[in-house]
Amino acid sequence: MPIKIPDLLPAKEILNGENIFVMDESLAYQQDIRPLKIAILNLMPTKETTETQLLRLLGNSPLQVDIVLLHPSTHVSKNTSEEYLRTFYKTFEEVKNSRFDGLIITGAPVEKMEFEDVNYWDELLEIFDWSKTHVTSTLHICWASQAGLYYHFGVPKWDVDEKIFGVFEHTINQPKVKLLRGFDELFHVPHSRHTEVRREDIEGIDELEILSESEEAGVYLVATKDGKQIFVTGHSEYDPLSLKWEYDRDINKGLDIEIPRHYYPNDDPNKVPPARWRAHASLLFANWLNYYVYQETPYDIEETKEIWPQI
Ligand SMILES: CC(=O)SCCNC(=O)CCNC(=O)[C@H](O)C(C)(C)COP(=O)(O)OP(=O)(O)OC[C@H]1O[C@@H](n2cnc3c(N)ncnc32)[C@H](O)[C@@H]1OP(=O)(O)O
Ligand SMILES: N[C@@H](CCO)C(=O)O
């Protein structure tokens with residue numbers, strides 16, 4: 001949340017220079033507050049786990065957030081019952097005439113397929129298109145970040161020789177960008193994927209900025225300059241034991257999988273891995289919710305028609 005201070009206090013200029021969000025009294029008097037409407041398009045087979053992880057992060061905010069869970073109607077889920085989906089989820093068809101302050105699109109275990117072979121691809125394209133006019137800011141996670149960068153900007157995804165699997169150190173390219181406010185210069189994020197997007201495919205695209213990268217895991221955070229689309233290639237939302245669960249699953253299947261890097265103490269899978277990314281996960285979601293959603297979205301959400309004349 002911004003701090004509200006007298007219009008002429010000298011600290012205002014100093015803090016503005018440091019990129020601390022300061023709101024002067026005159027603007028604060030005009031600001032109205034209402035609950036935010038956030039949709040989560042959950043593409044993960046482990047729906048309950050992912051819901052819990054994302055809601056934990058979204059709940060760490062003084063803002064009231066109304067959540068709508070969405071699943072793709074053109075995919076018959078193998079791991080989630082129809083009853084569960086009917087009870088807790090809606091389809092895009094049911095919400096497409098509404099507007100949302102924010103949309104989160106999760107990862108999906110389909111990264112080795114061609115995008116066009118994913119059976120809900122056409123539906124996802126419709127959702128990507130709709131998000132441009134009906135959502136203030138959209139956060140794409142892991143596979144969804146690759147799919148979104150491909151659809152919106154033609155950025156390809158590439159197979160990697162060895163799964164990018166572990167907890168990696170990241171650096172910041174753009175320290176003054178609001179999404180990274182409060183971040184340390186070095187911070188950690190889990191990654192778990194067999195494909196990547198590459199810096200050289202992104203840096204020539206005018207609308208996009210690479211905000212954070214990792215020497216070992218590559219591009220991590222990409223955003224459009226207007227903040228309407230955020231692409232996150234890692235899994236900051238993962239629980240402390242998510243990578244262990246994936247590692248044990250693959251070992252039990254007899255797959256040739258390396259131990260997740262920089263995760264277990266002394267790389268010993270019998271030891272309990274400590275979480276080293278929670279604080280930054282919280283900051284990432286809080287910053288997105290505050291600066292890209294709450295501060296940007298109109299009080300009357302239906303007003304977006306006037307703000308985005310392309311509708
Ligand atoms: C790169 C990222 O974004 S990371 C995010 C992905 N990671 C995860 O989901 C981790 C957890 N998932 C898993 O461990 C596994 O997928 C499991 C254990 C839940 C399921 O494994 P299996 O049943 O052996 O895999 P299977 O190949 O049958 O399909 C699993 C999922 O793949 C997806 N899928 C498979 N084929 C397709 C297809 N043609 N089109 C779209 N989705 C597909 C679906 O999501 C499916 O699960 P769902 O129907 O319940 O949504
Ligand atoms: N996070 C994923 C990567 C594969 O999509 C997993 O290991 O399940």
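The model is predicted: local features need pLDDT of at least 70, side-chain atom pairs count only at pLDDT 80 or more, and totals for chains, interfaces and linings use all residues. Residues are numbered from 1 along each chain as its sequence is written, while chains are lettered from A and ligands numbered from 1 in the order in which they are written.

View 1. Helices (H or I, at least four residues) and strands (E, at least two) are DSSP runs, numbered from the N terminus.

**View 2. Serine 192.** Serine 192 lies in strand S9. It is buried, because 21 other C-beta atoms lie within 10 Å. The cut-offs are 20 or more for buried, 12 or fewer for exposed, and partly exposed in between, with C-beta atoms placed from the backbone. Leaving out residues up to four places away in sequence, serine 192 touches Phe165, His235, Leu243 and Glu246. Contact requires C-beta atoms, placed from the backbone, within 7 Å.

**View 3. Helix H9.** The buried residues of H9 (residues 242–252) are Ser242, Leu243 and Tyr247. Down the helix axis they fall within an arc of 135°, so they line one face of H9. The arc is that of the directions from the axis to the C-beta atoms. Strand S9 (186–196) is included in what covers these buried residues. On the other side of H9, Arg249 and Asn252 are exposed. Glycine 254 follows H9, with a positive phi near 80°.

**View 4. Arginine 249 and the record.** Arginine 249 lies in helix H9. It counts as exposed because it has 11 C-beta neighbours inside 10 Å. An unreviewed UniProt entry lists Lys163, Ser192 and Arg249 under "binding site". Such annotations may be inferred rather than shown by experiment; feature names are shortened, and positions follow the numbering used here.

**View 5. The shell around ligand 1.** Ligand 1 is surrounded by 21 residues. The closest are Pro45, Asn79, Gly107, Cys142 and Trp143. The shell divides into nine nonpolar, eight polar and four charged.

Technical notes:
Two residues are in contact if their C-beta atoms, placed from the backbone, lie within 7 Å. A residue is near a molecule or strand if its C-beta atom, placed from the backbone, lies within 6 Å of it. Ala, Val, Leu, Ile, Met, Phe, Trp, Tyr, Cys and Pro count as nonpolar, Asp, Glu, Lys and Arg as charged, and the others, Gly among them, as polar.
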